[in-house]
Structure formats: C-alpha cells, structure tokens
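Dear colleague,

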Amino acid sequence: MTAPVPDIYRTPERAARIRLIAESHFRLLGRPLVSASEDPVAALWAAPQAIVAHGTEADPIFFFGNAAALAAFEVDVEMFTRMPSRLSAEAPLREERQELLDRVRENGFIDDYAGIRISAKGRRFRIGPAVVWELTDAHGKVHGQAACFAP
C-alpha cells in the first residue's frame, strides 16, 4: 500500500504542476499516463512506474517524484524536491543525460531512453525503457520535463 500523498504535493501551485504531468503526457503521446481519476495527483503518486518531473530553472530542480521514484532514488520527498535533476546521474553520465533532454526539447517526447542513474545512497540503477516528455500547457508553454520508467 502506498503512503498518503505528501502535503507538499497538495499546495495549489504544485498540484497544478503535477496535474500537467499527466495532461502533457496525454497530449503528446495520445494515451493516459495513469487511469482517469478524480484526483490525478493521488493517481500519479501511487502509480507503479516511477514518475519524476523538473522545472525550467537554469539548473532544473525536481518538483515531483512519486512513491516509486523516491524508493528508486532512496530519498525522501523533501530532499528530492530540492535536488537539481542533473544530480540524478553521475558526473560522467551527465553529458549523455543532457543529450537526452535536448532530444526531448526537439521532439516533444522520446520513448526509447535507457540509462544509469544514481540514488542518494550511491546505488547505481538502470532506467529504461523510459519515456521522457515536455511539460506543456494547453497554450504550448513549456513548464519543464517529466519521465516515467519501471523502477
């Protein structure tokens, strides 16, 4: 059983950004990320696949990681939502990660990514196949990028 949705994900601004994860996925890929729910934040939080998202800052910060992602990265929600997303990959692999993000910007999404990530405790783990997509609102404005993968 999944823990309750963390309070940080229930603030109005953050909840709107989290809903954009599912909305953007559907717009770009034409299929739902999670089943229809009255509460998309809870559905994303409890999804069996790891789902993460970062914003558009110069050094993008994760604003969402669901329960599966937090377990994979061996971190709590407070630490994860302060972490620059580049730190999810080891330094030698960050160039590869940046190339992936550039491909996503060019195409809107990719569904063929695989790579190595590192947990907060230093454990390396493979992700992939992963889907990575742009977080765009109904007007096409980009708000960040998201990814989902089997943990």
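Strand S1 (residues 50-54) runs antiparallel to strand S5 (residues 142-149), and 5 bridges link the two; strands here are DSSP runs of E with at least two residues, helices are runs of H or I with at least four, both numbered from the N terminus, and two strands pair if DSSP finds at least two bridges between them. Within this pairing, histidine 54 has glutamine 145 of S5 as its bridge partner.

This is a predicted model, in which local features need pLDDT of at least 70 and side-chain atom pairs count only at pLDDT 80 or more, whereas totals for chains, interfaces and linings use all residues. Residues are numbered from 1 along each chain as its sequence is written, and side-chain values use heavy atoms, with hydrogens and water left out.

The two strands belong to an open, antiparallel sheet of 5 strands in the order S2-S1-S5-S4-S3. Strand S2 (62-65) and strand S3 (109-118) each have a single partner strand, so one side of each is left without a neighbour in the sheet.

Arginine 117, which lies in strand S3, counts as buried because its relative accessibility is 5% (buried means under 20% relative accessible area, exposed over 50%, partly exposed in between, with a 1.4 Å probe and protein chains only). Its side chain makes a polar contact of 3.0 Å with that of tyrosine 113, a polar contact being a pair of N or O atoms within 3.5 Å, where within protein one must be able to donate a hydrogen and the other to accept it, and residues adjacent in sequence count only if both atoms are side-chain atoms.
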